[in-house]
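Subject: Structure handover

Hi,

Here is the structure I promised to pass on. My notes on it follow below.

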Amino acid sequence: MNNLEKITIWEGTPAGTDSLKKVVDLLLEHKADIIQKGGHATYKNINVTQSTEINNAIINDMNICYTKLDFSFDVVPKDDDPVNYQGYVIAFSSDRSSVRYFVSENGVMAQKVLQLLFNNYNKSTFVREFKKDNHADFLFWLFANYINNNGELDSTTNNSNKQLQIRNVNAIRGSISERITTLSAKSNDDIANYISVLSFLLETDEVDKLGLAIKNKDNELIEFVIDRPRTNQTVSVDTSSYVGTYDNKNINEKTCLILFLVHLEILPQLRSLYLIHEETWINSERDSFLKSIGLKIKDKVDTLTDNLSSKLNEADKKEA
């Protein structure tokens, strides 16, 4: 994964700015330098430029209006050298929600960026993070689906046009081990692949990081990583490896559309599928999966041993 776009999602608008256009106009207004409360730092050279017009796209049957804005500013500490920050905000709204923001920063820094760009720094905030929990059982269930079903996901959504397939698990990490294991569908029948799975399972009690390569009807490859650190959960999307219907778009539009595809379509579909299976997964399927991995490894080792014995016997006969 070469070009990971790591964003957090926020919502909330200043009073009187109930439309996307009003929000964008406010973000583009000239910003004066801002002194942090207590005088510990000054925010200078705050600049915002609009890198796409307000466009429309249909994502997960929603009509999305969106635009991408690039920002930069300098943080000048009282007794230290200036630090330059650069990033982007994708502001969007749909027929199902008010204005939200993808911000290319995490947690407190993302909130600070929005406060600065809205000329609302040092005041009570009106933005709040929009969180969806990617909990450990959900990630473990995705992992098990990849191993058990060759990446084919249940199309219980009754919409075959959006059927998803996990092409690869690019990375997986547990809560105990820091080791990251990579699995490939191409080696799904390989004994080394199963041993890698088993060794991972022996070292962990849950999944904290999962890197997926996904395919659906219109997109051949979408890669992203779901990470569950102790504080802020993140989803990092690899826009450089993407192959699909947005390949002909310019880089700014393509970034917006791929992020929408992951956050507003693929992840909600995966969560919906998990919720259908959640009770049986937690109560029985999880333990059955762990046992099946051990049996598969035993069967494959037995087969390999038998094949090796046959070859050695044949070699002995030829020598005799």
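Before the rest, the ground rules. This is a predicted model, so local features need pLDDT of at least 70 and side-chain atom pairs count only at pLDDT 80 or more, while totals for chains, interfaces and linings use all residues. Residues are numbered from 1 along each chain as its sequence is written, and side-chain values use heavy atoms, with hydrogens and water left out.

Strands β5 (residues 62-77) and β6 (residues 83-94) run antiparallel and are joined by 12 bridges. Strands here are DSSP runs of E, at least two residues long; helices are runs of H or I, at least four; both are numbered from the N terminus. Two strands pair if DSSP finds at least two bridges between them. Five residues separate β5 from β6, and the two form a hairpin.

Ala91 also has a bridge partner in β7, namely Tyr101. Strand β7 (residues 97-103) pairs with β6 in the antiparallel sense, over five bridges. That is a hairpin too, with two residues between the strands.

The chain overall

The chain has five helices and 13 strands. Of its 320 residues, 48% are buried. Buried means under 20% relative accessible area, exposed means over 50%, and partly exposed is in between (1.4 Å probe, protein chains only). The accessible surface comes to about 16,300 Å², and 47% of that belongs to carbon and sulfur atoms. Those areas come from the Shrake-Rupley method with a 1.4 Å probe; for residues, only the protein chains shown count as cover. Take the contacts between residues at least 6 apart in sequence: 63% of them join residues at least 24 apart. Contact means heavy atoms within 4.5 Å.

The cores

In soluble globular proteins, nonpolar side chains tend to be buried together. The largest nonpolar core here has 53 residues, and Leu142, Leu210, Phe224, Phe260 and Leu270 touch the most other members. A nonpolar core is a set of buried Ala, Val, Leu, Ile, Met, Phe, Trp, Tyr and Cys residues joined through side-chain atoms within 4.5 Å. Helix α5 (residues 251-319) gives the most to this core, with 17 residues. Apart from it lies another core, of 30 residues, which includes Leu20, Val24, Val103 and Leu117.

What does Leu210 touch, beyond residues up to four places away in sequence? The list is Leu139, Leu142, Phe143, Val169, Ala171, Ile172, Phe224, Val225 and Ile226. Ile226 sits in strand β12 (residues 219-227). Its relative accessible area is 0%, so Ile226 is buried. Ile226 and Leu210 are 16 residues apart in sequence, yet 5.3 Å apart in space, C-alpha to C-alpha. Leaving aside neighbours within four places in sequence, the contacts of Ile226 also include Asn134, Asp208, Thr234 and Leu267.

A buried lysine

The side chains of Lys68 and Asn252 make a polar contact of 2.9 Å. A polar contact is a pair of N or O atoms within 3.5 Å; within protein, one must be able to donate a hydrogen and the other to accept it, and residues adjacent in sequence count only if both atoms are side-chain atoms. Beyond neighbours within four places in sequence, Lys68 is also in contact with Thr49, Tyr88 and Cys256, among others.

Helices α1 and α2

Helix α1 (residues 20-28) has Leu20, Val23, Val24, Leu26 and Leu27 as its buried residues. They lie on the same side of α1, because they cover an arc of only 160° around the axis (taken from the directions from the helix axis to the C-beta atoms). Their cover includes β3 (41-50), β5, β6, β7 and α2 (107-117).

In α2, eight of 11 residues are buried. Among them are Met109, Val113 and Leu117.

Two asparagines to look at

Just after α2, Asn119 takes a positive phi of about 55°. Asn119 is in the loop between α2 and β8 (128-129). It counts as partly exposed, because its relative accessibility is 31%. Asn60 also has a positive phi, near 55°. Asn60 lies in the loop between β4 (55-59) and β5. At 18% relative accessibility, Asn60 counts as buried.

Best wishes
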